[in-house]
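Hi,

Here is the structure I promised to pass on. Have a look, and then read on for what turned up in it.

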Amino acid sequence: MRDYEEVTAFLGEWGRFQRLVFFLLSASIIPNGFNGLSIVFLAGTPEHRCAVPPGANLSEEWRNASIPLELRGGLTEPSRCRRYRLAVLANLSALGLRPGSDVQLAELEQEPCLDGWEYSRDVYHSTIVTEWNLVCDNDWKGPMSTSLFFVGVLLGSFISGQLSDKFGRKSVLFSTLAMQTIFSFVQIFSTSWEMFSVFFLLVGMGQISNYVAAFVLGTEILGKSIRLLFCTLGVCIFYAFGYMLLPLFAYFIRDWRMLLLALTLPGLLFIPLWWIIPESPRWLISRGRFQEAEDIIRKAAKINKVTAPDVIFDPSELQDLSSQGQQTYTILDLMRTRNILTITIMSVILWMIISVGYFGLSLDTPNLHGDVYVNCFLSAVIEVPAYIISWLLLRNLPRRYSMAAALFLGGCVLLFIQLVPSHLRALSILLVMLGKFGITSAFSMVYVYTAELYPTVVRNMGVGASSMASRLGSILSPYFAYLGAYDRFLPYILMGSLTVLSGILTLFLPESYGMPLPDTIEQMLLVKGLEYRPASSAKRNSKDEEENPEIFKSTSF
């Protein structure tokens, strides 16, 4: 019996067909880059202060003194949420008294912003914050919108795999691209924060489902030698490219509704790809649709200018891929032995902390010194070398030390930020970007490393549980960035400390580089410090020592 790889070997590895699939599927990830982090600008909070209505009967001098001063970030600035009681100021103004000389302002009674707020238009012309006054007592709503987006990502990650298994990779890819585009468009017409947030959750569901479908479709169509490149560089760098486009759009479009429209319209460019990107032949075979799969392979052969054999798929000869994919193990098997339970707990903690660090730093760019658009662009650009370095490390160096080094780099530089003098703002930004570089590299490597630690029989479940922990980390991450509005260094201290601890944790994981992939729980590598237990004598499948496609299929969940 021949497997799929052997049957389609005549196509070659990197023909015109493969290049077309590689770049078009990678391009379909671009909207994920700017939609996922668009909230940085959609919910940007400009400088603001209490509004003083024109009919307050205050002299110009008292109007200018109506906002109390407070210490914020080491500087004395006008309060954002309080003002002196206007009725008292009106009486003092009518008596001809002067603020500061005749009246001690610190002794005056204060009140909240009863007449709304005045917002600076220096950076943003309009955001959902200025639209619905998401400041002061309502400032928790901005991070909540982001968390709801990531709740959508969590829900989408649950259903996306099942949908693509049932309806096909291509159908789910394009239907979720449409879902992401349509709900983003509907968001433009939101009349309340609640409406905006509900549709943002649905956009999150569409985004992760589109990502998973493209990821799996690429791994199933492309050959072994190209699959690693697609999974680590193709998808990630095109995501980073989409992320780079976000601050460019936002710089020229300062109104949140028009910005959202500009970020939504590129989704229409993917409509023609329906007639270019094929369905997964592997999936068609698993559903018994051999003729459709053969038609796709023959078309690919024509594009690659190679001659296809007279009979490509013989149902009596080809392995039944659908029966191969069945699992008889449950989530409880991730706790069957002390070793696999320890690896599962460590992986869950590791993924959650890395996710908090990555999204926390990405969402924190408005709190950095300098131009928010430049900072966001730098945060996106730094991901490209991070992905390239992680790819090189995965190919050439041990996983454990590579991961730990990336996490130590990311965590230590974040802890050093609080020691930088306030006048060296460029150095602070450089350290933040170095932190983002380290954490992004670790994020890219942790997918492959985790998949190599789990045995074949529970690999999907193991990586799925870790990935779910990552989603929970991303839900928490907006509140780490939220703390930066109160204490500039607190997010970096928390994220830096957690990242360093996760680097230490990584050193206790077993080393998987150059080792055959385990097939059974008994064959798993032991966590450092655990008592040695004899492994099963069952022979490991060393054929997959270099690469196992199941790793990359499972990492998308």
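The buried residues of helix 6 (buried meaning under 20% relative accessible area, with a 1.4 Å probe and protein chains only) pack against helix 5 (60-64), strand 4 (82-84) and strand 5 (110-112). Contact here means heavy atoms within 4.5 Å, and helices (H or I, at least four residues) and strands (E, at least two) are DSSP runs, numbered from the N terminus. This is a predicted model: local features need pLDDT of at least 70 and side-chain atom pairs count only at pLDDT 80 or more, while totals for chains, interfaces and linings use all residues. Residues are numbered from 1 along each chain as its sequence is written, and side-chain values use heavy atoms, leaving out hydrogens and water.

Helix 6 spans residues 86-94, and its buried residues are Leu-86, Leu-89, Ala-90, Leu-92 and Ser-93. They sit on the same side of helix 6 because they cover an arc of only 165° around the axis (the arc is that of the directions from the helix axis to the C-beta atoms). Ala-87 and Ala-94, on the other side, are exposed, that is, over 50% relative accessible area. Just after helix 6, Gly-96 has a positive phi of about 80°.

Now to helix 16 (residues 338-363), where you will find Ser-362. Ser-362 is buried, its relative accessible area being 0%. Leaving aside residues up to four places away in sequence, Ser-362 touches Leu-37, Val-40, Tyr-243, Ser-379 and Lys-436.

Lastly, Leu-20 belongs to helix 2 (residues 16-27). Leu-20 is partly exposed, at 34% relative accessible area, a class that lies between the buried and exposed cut-offs.

Best wishes
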